[in-house]
Amino acid sequence: MADTAPAKARIARWDTMRFWLMVLVVAGHYLQQLNGAHGDAIPSATVQIALVYSFHMPAFFLISGMLTRGALASDRFPARRVVSYALAGFIAELGQRLMEAAGGNGFEFHLVHSMDISWFMTALIVHTVLTWLLRDADRRKLLLVSILLGCLIGYDKNVGDLFSLSLVLTNWPFYVLGTMHDAAEVDRRIATTPHARALGIGWFALLAVLFSLRVDVTEMLTKVFLWQNYPFEDTSLVSLLWRVLVYGISLGGCLAFAAIMPAGEMRVATEFGKRTMAPYCLHWPILLACIWGGLFFALPDALGFACAEVVCWLIGFALTLVLSLPPFWPFVRRFTRA
């Protein structure tokens, strides 16, 4: 999500993909608030949320790993990158807490115990440091260890939210996998794969059908897709198999979404995809204002649930676009140039 690649090494596919992933992030947050605002969850919204959450954050980690591959192979500790992530996370957390205080909820700053908007920056810091410290390790073995660790976390009731530990560790395999592959080579392979875009679209169509058939299972999967601890109630190995399945679904979604992206530049989306940190950090206060203003109750009453879901997608696109405009660029340059 951060601007991690040198200008000379930029690859259009990954910048374009980050823009549309950010649209999914914002729209997903709005759909989450809409879903169940009137009591019962909306089946169609539940399916959309599951599709989005099945891969959108893992895709960011995968891309971040690919684009930082060279820097993490160096003997020089990437201090500037780590400090940039820390500053962005701090500003995002502070902004959210100030917004909540303005809404009358009091000021409670969560420096080391947060599952909100700043968790992604915490994860990037930990992933960067861990991967750099283990830069001489066999990456295939490291990937296996990270997957096993992510799968077993749900069995440990002691893994809490301190430093967003569960989110950090369960997403680490995607970052490790990214560091194992050259971004340009992955781009070339996708571009030369026959019918790659059709296969990508087919993946999501199939997943949408499967999720629609059993919405009850889909709701359960969505919780696992959040990558938090969610201690498994079933202490057998069945829960571990669920986590393995989720890793497979998420990786499939990452590859499918990348295949759908154009190989060349996509005008605004490609350019704005270089600055996804601003909409990520700044859309949250707007979302809070919408919650307090009763938007998610008013939309279904005025338009019906189907139209309200469409509005959530339009808001996701509009906010991503607007928050990537020039007035917000200094935020990106100051806090994310690594």
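Modeller: Helices (H or I, at least four residues) and strands (E, at least two) are DSSP runs, numbered from the N terminus. The model is predicted, so local features need pLDDT of at least 70 and side-chain atom pairs count only at pLDDT 80 or more, while totals for chains, interfaces and linings use all residues. Residues are numbered from 1 along each chain as its sequence is written, and side-chain values use heavy atoms, leaving out hydrogens and water.

Arg267 lies in the loop that joins helix H12 (238–260) to helix H13 (268–272). Its phi is near 45°, a positive value in a residue other than glycine. Most residues other than glycine have a negative phi. Arg267 is exposed, at 77% relative accessibility; buried means under 20% relative accessible area, exposed over 50%, and partly exposed in between (1.4 Å probe, protein chains only).

His195 also has a positive phi, near 55°. This residue is in the loop between helix H9 (183–192) and helix H10 (196–213), and His195 is exposed, with a relative accessible area of 65%.

Leu299, by contrast, is buried, with a relative accessible area of 10%, and belongs to helix H15 (residues 295–303). Beyond its neighbours within four places in sequence, Leu299 is in contact (heavy atoms within 4.5 Å) with Gly304, Ala308 and Val311. From Leu299 to Cys312 there are 13 residues in sequence and 9.5 Å in space, C-alpha to C-alpha.

As for helix packing, H7 (residues 139–152) and H8 (residues 165–179) meet at an angle of about 160°, their axes 7 Å apart. Axes are lines fitted to C-alpha atoms, for helices over the stretch in contact, and angles run from 0 to 180 degrees between N-to-C directions. H7 and H8 are therefore roughly antiparallel, a term for angles over 145 degrees. Residues making the contact include Leu142, Leu143 and Ile147 of H7 and Trp172, Pro173 and Val176 of H8.

The largest nonpolar core has 83 residues, of which Trp14, Met17, Leu21, Tyr30 and Phe120 touch the most other members. Such a core is a set of buried Ala, Val, Leu, Ile, Met, Phe, Trp, Tyr and Cys residues joined through side-chain atoms within 4.5 Å. Helix H1 (residues 12–34) supplies the largest share of this core, 10 residues. Leaving aside neighbours within four places in sequence, Leu21 is in contact with Phe55, His56, Ala59, Phe60, Ile63 and Phe257.

Terms used:
Angles under 35 degrees count as roughly parallel, over 145 as roughly antiparallel, 65 to 115 as roughly perpendicular and the rest as oblique.
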